[in-house]
Amino acid sequence: MEQKDLTFIQDQIGYNFRNLDLLQQAFVRRSYAKEQGGEDKEILEIIGDKVLDLVVVKLLTEKYGHFISDYENFDPNKKFDEITCTKNEARKAVCSLAYEYLERNNMLFYIQDEIPNPNINDAINQLEILARRGYFSIPFYKFEQQYNTNGNPVWKCTCHITEAAIFFSAKSSSKKQAKKQAVYQMLKYILSE
C-alpha cells in the first residue's frame, strides 16, 4: 500500500495514526500474510474486540456496578475464583443490563425504525437493506409470463423470504412493476410483524 493510500484513508476517517504499520496491517488478509510474511489483520480484530468488551464493561460497571466491599456478605478470605462468574455469565449480565437500560430509556431499535417511509417505489431497495442488515435472508423471486384474454403479456412475480412462512405475488403488464408490488406487500408484512 502506498503512502498516498494511507494518507487518503486517514483523511477519510479523520484520524492520524502514529504507527502507519498498524494501519497497513489492518488491510492484510491471512492468505497474503502467509505468502508474503508478516502479520495479518486478525490479531488487530481480536485486540479491538477485547478493547470494546473492556470499554462496555467499564461503562456499564460505572453506571450500574457496585464495589464488592458494598456487599454485606463479602468475605475477603474467599478465593477470587469462588466469587467470580464465567465469561458467558458475565456477558449475559452485561447484555441484560444494556437491554434494560435501552428499554427503560425508550432507546430500543426495532425493524420498523430501519425503514421510516416504506413505499412501493423504493420497496425493492428497502427490503434488500433489511436483508443485508441481517433481519432475514436475501429475498428471491419467481417470475411467470402469462397472457391476458387479448394476448398481451402479463407478468406474475412471487417474492419469497426463506424465514417467512408466507410469500406474496403480484401481476402487472410490466415485469418490474409486478416485482415492486410483490416486494411492497412483503415489506409491509415484515414491518407489521
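Predicted model: local features only at pLDDT ≥ 70, side-chain atom pairs only at ≥ 80, totals over all residues.
Glutamate 128 has a partner, arginine 132, and their side chains meet in a salt bridge at 3.0 Å, N to O. Both of them sit in helix α7, four residues apart, so we're talking about one turn of the helix, roughly. As for arginine 132, that one counts as exposed, at 60% relative accessibility.

How many salt bridges does a search of the whole structure find? Four. Let me take you through two others.

Glutamate 114 and arginine 133 have side chains that meet in a salt bridge, 2.1 Å from N to O. Glutamate 114 is in helix α6, residues 111-114, while arginine 133 is in the loop between α7 and β1, so this pair ties together parts that are 19 residues apart in sequence. Arginine 133 is at 51%, and the cut-off for exposed is over 50%, so arginine 133 is exposed.

Then there's glutamate 42 with arginine 30, a salt bridge at 2.6 Å, N to O. Here the pair links distant parts of the chain, twelve residues apart: glutamate 42 belongs to helix α4 and arginine 30 to helix α3, residues 30-36. Both ends count as partly exposed, with glutamate 42 at 28% relative accessibility and arginine 30 at 44%.

Now let me zoom out. The protein has eight helices and three strands, and reading along the sequence you get α-α-α-α-α-α-α-β-β-β-α. There are 193 residues, and 21% of them count as buried. The protein exposes about 14,800 Å², with carbon and sulfur atoms supplying 53% of that. If you look at contacts between residues at least 6 apart in sequence, 33% join residues at least 24 apart.

So what's on the inside? The largest nonpolar core has 21 residues, and among those with the most contacts inside it are Leu127, Phe136, Met186 and Ile190. Which elements give two or more residues to this core? Those are α7, β2, β3 and α8. The one that gives the most is α8, with seven residues. Take isoleucine 190: leaving out residues up to four places away in sequence, Ile190 touches Ile111, Leu130, Phe136 and Ile161.

Last stop, the strands. β2 and β3 form a hairpin with six residues between them. They run antiparallel, joined by six bridges, and cysteine 159 stands opposite phenylalanine 168 in β3.

Key:
Residues numbered from 1 in each chain as written. Heavy atoms only, no water. Core = buried A, V, L, I, M, F, W, Y, C linked by side-chain atoms within 4.5 Å. Buried < 20%, exposed > 50% of the residue type's maximum accessible area, 1.4 Å probe, protein only. Contact = heavy atoms within 4.5 Å. Areas by Shrake-Rupley, 256 points an atom, 1.4 Å probe, with all protein chains shown as cover. Pairing = 2+ DSSP bridges.
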